[in-house]
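Colleague: Can you walk me through the ligand site and the open spaces in this one? Keep it short.

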Amino acid sequence: MLPEPVLERAQSELLDWGGGGMSVMEVSHRGKAFVACAAATEAALREVMGISDDYAVLFLQGGALGQFSALPLNLSTPGSTIEFLNTGDWSKKAIAEAKKYAQVRVLADTSDTNFTTLPAEDSFAVGREAAYLHYTPNETIRGVEFGYVPPTGGVPLVADMSSTILSRPIDTSKFGVVYAGAQKNMGPSGLVVVIVRRDLLGRARPETPTVWDYTVQAGADSMINTPSTFGIYLLGLVLDWVKGQGGLPGMAERNRAKAEKLYAFIDGSDFYSNPVAPDARSWMNVPFLTADADLTKPFVAEAETAGLTNLAGHRSVGGMRASIYNAMPPEGVDALIEFMKEFERTHG
Ligand SMILES: *Cc1c(COP(=O)(O)O)cnc(C)c1O
C-alpha cells in the first residue's frame, strides 16, 4: 500500500514533471533534473533516518533477494565465515544464498518453535573473526520482529529491513549495512536501498557483478547503469509524506497504536489467535488463525468482498495475515476488526 497523497501527487505530475513537459519516466537519468531528484531523495532519506556521512546510500535493483548474494560478494572472502540469526523464512533464504559464497554459521535458530519466538539477546555469541552477522529485524511471513539490536562486539551487523524500514526510528550507527526492498514501506518494487558504512567499501570480490559492487556504485551515485528512476522519485514523495507524519517517531506512534489494537482484539477473542510470542510480535505483519482451519478460505473470500484485500497468509504457512505497513491508515485496522467481529458472529 502507498499513501494516497503520494499517489495523487505522482498522478498530478505524471505527464509533466517539474514543468519540463515530460514524465519523470521519460527524462534522462543523467540529466540535471533527475540527478537533482535522486540527490534530494538521498538527502531526505538521510534526514528522516538520521544517516551520517560515514555511510553511503545506494539505490540499486534486484530486490532484497539480490542483496542476499551481493552482501557475501562485497563483504566476505570464500574461506571466511558469515554468521546468521535464523528467525524465519527470509533468514533461511539469505542463509541459502550465502552458502554459495562463503562458510555459514547459524548462531541462533528458532525453527523449533516454528519461528514464533526470538533468541534472547544474551543467548548467542558472535565470533570475533566473522565477516559479518546477518539478521532479519522483521520476519514478514510469520510476523516476528526484534525488539533489540543484536550485540556483535564490533563485527559488522547487516540487517534486512525490507519490511520494517521507516516504520520506527533506528540508530543506523549500530549497523554495517542496512538494506531494504522498497516495495513494503518505501515505494514501488524495482528499487532496493542499501545503506553501507564507508569503511566496508573496497572489499568486493573481483567477480562481483558491477551493478552490485557497492564501491563502484557508491563512486557513481548509483548510476553505473540506469537506476529505477521512477522508484527513486516515488521514494522521495514517500519521504515527504513520512516527514509530514512527524518523521519516524510519528510513524512509530501510529504503527504501535495500529498493531496494539489488532493484537488486543485477537488476544481478547476465543475465535481468533496469533501464534507469536508477545515479546516477538511485529508491528507490520500480524498473522492470525481461526480455531477451525476450514474457515480460512471463507474468511479471505468474504473479506475481499468487503474491500479488505491481501489477507491470506503466505502460501507456506496458511491462515491469515494482515500487513499493516506505514501507509495503512488506523481506519483500515478498525475496518478489519469490525469485519472480524462480524465474521465470528456469522461463523463462530
Ligand atoms: C519482501 C522481502 C524480501 C524480498 O524482497 P524482494 O525485493 O522481492 O527481493 C526479503 N526480505 C524481507 C524481510 C522481505 O520482507
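**Ligand, pocket and cavity**

Modeller: A polar side-chain atom of Lys184 sits 2.7 Å from an oxygen atom of the ligand. That is a polar contact, meaning a pair of N or O atoms within 3.5 Å. This is a predicted model, where local features need pLDDT of at least 70, side-chain atom pairs count only at pLDDT 80 or more, and totals for chains, interfaces and linings use all residues. Residues are numbered from 1 along each chain as its sequence is written, and side-chain values use heavy atoms, with hydrogens and water left out.

Colleague: How far is the backbone N or O atom of Ala64 from an oxygen atom of the ligand?

Modeller: 3.1 Å for Ala64. A polar backbone atom of Leu65 lies 2.9 Å from a ligand oxygen atom.

Colleague: How much of the ligand does the protein bury?

Modeller: The protein buries 85% of the 390 Å² that the ligand exposes when taken alone. Those areas are accessible areas from the Shrake-Rupley method with a 1.4 Å probe.

Colleague: Which residues are around the ligand?

Modeller: Gly63, Ala64, Leu65, Trp90, Thr136, Asn138, Thr140, Asp160, Ser162, Ser163, Gln183 and Lys184.

Colleague: New topic. What is the volume of the largest pocket?

Modeller: About 540 Å³. Among its 19 lining residues, Met1, Thr309, Asn310, Ser323 and Met328 are the closest to its centre. On a 1 Å grid over the protein atoms alone, a pocket is an open set of points with protein on both sides within 12 Å along at least five of seven lines, and lining residues have an atom within 4 Å of a point.

Colleague: Which element gives the most to that pocket lining?

Modeller: H9, with four residues. By class, the pocket lining has eleven nonpolar, six polar and two charged residues.

Colleague: How many cavities of 30 Å³ or more are there?

Modeller: One. A cavity is a set of grid points where a 1.4 Å probe fits but cannot get out.

Colleague: What lines the largest cavity?

Modeller: Met49, Met161, Thr164, Ile165, Leu166, Arg168, Ile170 and Leu248. That lining divides into six nonpolar, one polar and one charged.

Conventions:
Points joined across faces, edges and corners; volume = space filled by probe spheres on them. Nonpolar A, V, L, I, M, F, W, Y, C, P; charged D, E, K, R; others polar. Helix = DSSP H or I, 4+ residues; strand = E, 2+ residues; numbered from the N terminus. Near = heavy atom within 4 Å. Polar contact = N/O pair within 3.5 Å; in protein donor to acceptor, adjacent residues only side chain to side chain.
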